[in-house]
Amino acid sequence: MSWLGRLLGEKPDEALPLYTAVVRRARAEHWYLDGAVPDTVDGRFDMIATLLAIVMLRLEADPAGGDPAARLAERFVDDMDGQLREIGIGDIIVGKHIGKMMSMLGGRLGAYRDGLAAGDIGPALVRNLYRGVTPDDAALAHVRQSVMAFHAALATMPVTELRAGELP
């Protein structure tokens, strides 16, 4: 944060380290190569939203996680707003797109929450990550196993470490 920002009372973007770590993890090549996630703008959005939802579910499970989860969602909105503007979406339409993206993130939170509770996130992955087009068995197994391992490892991490941008 700049000295002027501190002088004016701006608060640091506390969610930035965690959000950056989630995006970095979502950009890993294995999702797109071994997992057959489409390497497109939509596919990358879907991968970020998937991992973001898993992290938010972890935060949701902890009494100290409510504020970090809310800040993480705000950071997501800010990033998506900037990304949309960068690819040429105009001011008039950006808000509509952001609303749709937030709705999609909310839907993923519910779908992954339900899938984790049922012990099978496969259907939620096909619907939300692959947009209803079932990939081959090996690709789906790779993503399912990787997301489940990520979820399990997150469960053992303190919220303070997550807020600092440390991911398993």
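**Note on side-chain contacts in the predicted model**

1. The side chains of Arg-71 and Asp-67 come together in a salt bridge, with 3.0 Å from N to O, in what is a predicted model. Both residues belong to helix H5, where they are four residues apart, about one turn of the helix. An α-helix has 3.6 residues a turn, so residues three or four places apart point the same way. Arg-71 counts as partly exposed at 25% relative accessibility, and Asp-67 is likewise partly exposed, with a relative accessible area of 41%. Through salt bridges that share partners, Glu-14, Asp-67, Arg-71 and Arg-163 are joined into one network.

2. The structure holds 12 salt bridges, and one of them is formed by Arg-113 with Glu-60, whose closest N and O atoms are 2.6 Å apart. This pair links distant parts of the chain, since Arg-113 lies in helix H6 (residues 91-118) and Glu-60 in helix H4, 53 residues apart. Arg-113 is partly exposed, with a relative accessible area of 34%, and Glu-60 is also partly exposed, at 47%.

3. A further salt bridge joins Arg-58 to Asp-62, with the closest N and O atoms 3.8 Å apart; the cut-off for a salt bridge is 4 Å. Arg-58 has a relative accessible area of 11% and is therefore buried, because buried means under 20%. Asp-62, by contrast, counts as partly exposed at 23% relative accessibility.

4. A search of the whole structure finds one aromatic pair. Phe-45 and Phe-76 form this pair, which is tilted, with 5.9 Å centre to centre and 40° between the planes. Phe-45 counts as buried at 8% relative accessibility, and Phe-76 counts as buried at 0%.

5. Helix H4 has 20 residues and reaches 28 Å from its first C-alpha to its last, which is close to the 28 Å expected at 1.5 Å a residue. Of the 20 residues of H4, 16 are buried, so this helix is largely enclosed by the rest of the structure.

Key
Residues numbered from 1 in each chain as written. Predicted model: local features only at pLDDT ≥ 70, side-chain atom pairs only at ≥ 80, totals over all residues. Heavy atoms only, no water. Phe/Tyr/Trp six-rings, centres within 6.5 Å; stacked < 30°, edge-to-face > 60°. Buried < 20%, exposed > 50% of the residue type's maximum accessible area, 1.4 Å probe, protein only. Helix = DSSP H or I, 4+ residues; strand = E, 2+ residues; numbered from the N terminus. Expected span 1.5 Å × (residues − 1).
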